[in-house]
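Please look over the sequence and the structure shown here before reading on.

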Amino acid sequence: MFRSSNRAPAIAALTASLFFSTAHDAHAASDDDLKELREQVRQLKDLYEKKINELEARLKQAEQTAGQAKSSATAAQATAEQVAVQASSRTAGEGAFNPGISAILNGVYGNLSQNPTNYRINGFVPTMGEVAPPNRGLSLGESEIAFSANIDRHFRGTLVAALAPEDSVSVEEAHIQTLGLSNGFMLKAGRFFSSVGYQNEIHAHAWDFTDMPLANKVFLGNQLAEDGFQIKWVAPTDLYADVGLEFGRGRKFPGGPDGGRMKNGFGSTNLFAHLGGDWGTGAAWRVGLSHLRTRVHDRAFNDVDSTGTGVTNSIGAASRLWVIDGVLKWAPNGNASNTSFKLQGEYFRRTEDGQLTYDTAAASLGTQSGSYLSKQSGWYLQGVYQFQPEWRLGYRYDRLDSGTTGLGLVVGGALTAADFPIFASYRPTRNTLMLDWSAGEFSRVRLQFARDRARAGIADNQLFLQYIISMGAHGGHKF
Amino acid sequence: MKKIFIVMAGTLAAMMAAASAVAAINVFACEPEWAALATEIGGDRINAYSATTALQDPHRIEARPSLIARVRNADLVVCTGSELEIGWLPILLTQSGNAKVQGGRPGNFEAAQYVSRLEIPKVLDRAMGDIHPGGNPHIQTDPRNIAKVAEALIARLAQIDAPGAESYRSRGKAFLERWQAAIARWEQQAAPLRGLPVVVHHKAWTYLEAWLGLREVATLEPQPGVPPSPSHLAELVEGMRREPAKFIVYSAYNDPKAAGFLSQRTGVPAVLLPFTVGGTESARDLFSLFDDTLSRLLSAAQGKGSK
């Protein structure tokens, strides 16, 4: 535009002046004069054209330089902006050292054919802990608030507080762990999920099903978090191997009484070891063995004796639990973006040997004591298949075996088995199917259906619709 | 109980003896490009292990036991940083019981610190997808970044393994000379690519685009890290009718279906790029990684891409 509008008047003026001059001279001049004149005009024309071309070229060059200057200015500005952003992406001031904070929210809709308030797992009483399934109808699940950060070059700290829907707050985990120890040693102290089996260490928001396996409910009171310390050592081999030892207060089932005894020393020990590795590029596995020993004091529970009276009984025993766990994860070429599969299973075996006191409150046939011996086992196997991005389908099978509980009071004839209906031998089972959808790593919506035969002779059909979301810091998940 | 302890102690002692017999510097690289770079600089003095392959999405890796075992024995952990490995590396570090490689120690090297990062978001909101507060982490797609990281890595290796410092410096210098010559060659080869419009699967090519002057017009992922949806792909088909691209770029770990679908609908060729060492058969090391990347782009630009 600029160029052509400038050029047009110049050419017009030139043509006009040439026209007038030639028209005027044509009358008087001879042919030679005319020729000379024409030659002059041609020269003049050439000269102007040359000048115009030169001007045009210079103009073009000037424009280019200006353009370059402009683009380099833009680039410089962009760089400056990036530098400013890079500098500002680190927050300054007091807030700079705030720990990673995250919050977990979850809510459940439950539709159960049996009332969850009278939930029990027959043959395995008392389980204590939060073993009942979620409520009927709409309810808020447990919300979690977690803080974690490096404390200094030696320690890392974690606090996870659980806000129960009944408006109570509890400390789920609060521990420090070392960063500074070397040679594969790690020390953890405080309250933490005990490293017994596989599922026990996993936070509720990362579970593959809405609820815990039955075995975890009956042997670990749903999920065991001990107050104590753990020392763990990872072997310097390419095959993953670790061994660890935990000393705990015994503050919860299977220890007890609730809160632990007022006693020096420790109430529980847990010895564990794991092996793990890869199979090709697609599969990774880990197997573990753990042995939890606890001293049970006054594990009180309610039962209805042969006279139909509600009585309170109590157990004091040495409890020894063995757990074998295994997990296998597979994805094509180890790339879980599209499809992946996870297989997980655990086998539990527990022996308890001690004393049982019947009717501690002397409400029925009078307080009596006798020996108590139980050998119980249980297992579950579950598979979760991600069949396309964001969608997973899972199935879990649970099975428990209560074995036969040996009670001195019954064997000796002081009382009968009918006085302890709770110890009647039973094999609970459960089938669970779930489908979940996760739009990214921070949210999940799950539909789960289970047929739970934890109550002797009764099938409980449980349907749950659940959401779980996490906000804030991007915590990673353990294998 | 006592017996178990004795057995444990015995195994421990035996394993420690076995570990001390190995002398080479163990480098744990989060991605194959850093394992390749460490090998270029370290040669036989180091033993480089890559946690991931080119066929894996580095954002989504499980903190597998085998990786914990490798970090436990590492003298140096070399990762991209910029939150690329945030879902798994912190767990490997805390579970490893290895003080040397914890954040802030000389044994912990973050490549992204040594380059100027692009696409640093001004606003952080997860509604915008999987965004990285520290900027786009896929820095290895620009060879000039590799040179910057190489310089820092030479210094770091020399710090960690002082007896080998001279070797790292001379090997590193030789590598950088060859690398700069290669960059000049690549830039010359890539001249015809300047200004070409390109559609990418994931925002994994920002640095390559900045280097070669490619123009990114769309991404197959509706948001970073969100898999391509049918509705988004339909929009792209429509959009590419108005503004056609020269090629659709995806990497070895992306599902090729989305790129294939769009290519079929628009006639724009889909080009698989190696992304990192091992992403294609030809991309065996850092040099062949860029040789292959350019040859794939150039043949797409001349061949089917010319229509």
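Two strands are said to pair if DSSP finds at least two bridges between them.

**Chain A**

Chain A has four helices and 18 strands, and some of these strands can be followed from one to the next. Strand 7 (residues 225-234) of chain A pairs with strand 8 (residues 240-248) of chain A in the antiparallel sense, over seven bridges. With five residues between them, strand 7 of chain A and strand 8 of chain A form a hairpin. Strand 8 of chain A is also joined by nine bridges to strand 9 (residues 268-279) of chain A, and these two strands run antiparallel.

| Residue | Bridge partner | Strand of the partner |
|---|---|---|
| A:Lys232 | A:Gly244 | strand 8 of chain A |
| A:Glu246 | A:Asn270 | strand 9 of chain A |
| B:Val199 | B:Ile248 | strand 7 of chain B |

Taken as a whole, chain A has 479 residues, of which 33% are buried. If one considers the contacts in chain A between residues at least 6 apart in sequence, 61% of them join residues at least 24 apart.

**The sheet of chain B**

In chain B, four strands form an open sheet in the order 6-5-7-8, and the pairing is parallel. Strand 6 (215-219) and strand 8 (270-273) of chain B stand at the edges with a single partner strand each, so one side of each is left without a neighbour in the sheet. From one strand to the next, the twist averages 35°. Within this chain, strand 5 (residues 197-200) of chain B and strand 7 (residues 247-251) of chain B run parallel and are joined by three bridges. Helix 10 (residues 286-302) of chain B packs on the sheet, where it touches strand 7 and strand 8 of chain B, and the direction of this helix makes about 170° with that of strand 8 of chain B.

In soluble globular proteins, nonpolar side chains tend to be buried together. The largest nonpolar core holds 111 residues, and those that touch the most other members are B:Val27, B:Ala29, B:Leu37, B:Ala38, B:Val78, B:Leu153 and B:Ile248. Helix 5 (residues 143-160) of chain B gives the most to this core, with seven residues. Which residues does B:Ile248 touch, not counting residues up to four places away in sequence? Among them are B:Val199, B:Ala259, B:Leu262 and B:Val271. A second, separate core of 12 residues includes A:Leu356, A:Tyr358, A:Phe420 and A:Phe423.

**Where the chains meet**

The contact takes 45 residues from chain A and 48 residues from chain B. On the side of chain B that touches chain A, the elements that give two or more residues are helix 1 (2-20), helix 3 (65-72) and helix 4 (89-96) of chain B. The residues of that side of chain B divide into 22 nonpolar, 14 polar and 12 charged.

**Confidence**

For the complex, the predictor gives an ipTM of 0.87 and a pTM of 0.84. Chain B has a mean pLDDT of 91, and 91% of its residues reach 70 or more. Among the elements of chain B, strand 3 (residues 76-79) of chain B has the highest mean pLDDT (98), whereas helix 1 of chain B has the lowest (56). Where pLDDT is low, the predicted coordinates should not be read in detail.

Conventions: Residues numbered from 1 in each chain as written. Chains lettered and ligands numbered in written order. Predicted model: local features only at pLDDT ≥ 70, side-chain atom pairs only at ≥ 80, totals over all residues. Contact = placed C-beta atoms within 7 Å. Nonpolar A, V, L, I, M, F, W, Y, C, P; charged D, E, K, R; others polar. Axes fitted to C-alpha atoms, helices over the stretch in contact; angles between N-to-C directions. Buried ≥ 20, exposed ≤ 12 C-beta atoms within 10 Å, placed from the backbone. Core = buried A, V, L, I, M, F, W, Y, C linked by C-beta atoms within 7 Å. pLDDT = per-residue confidence, 0-100.
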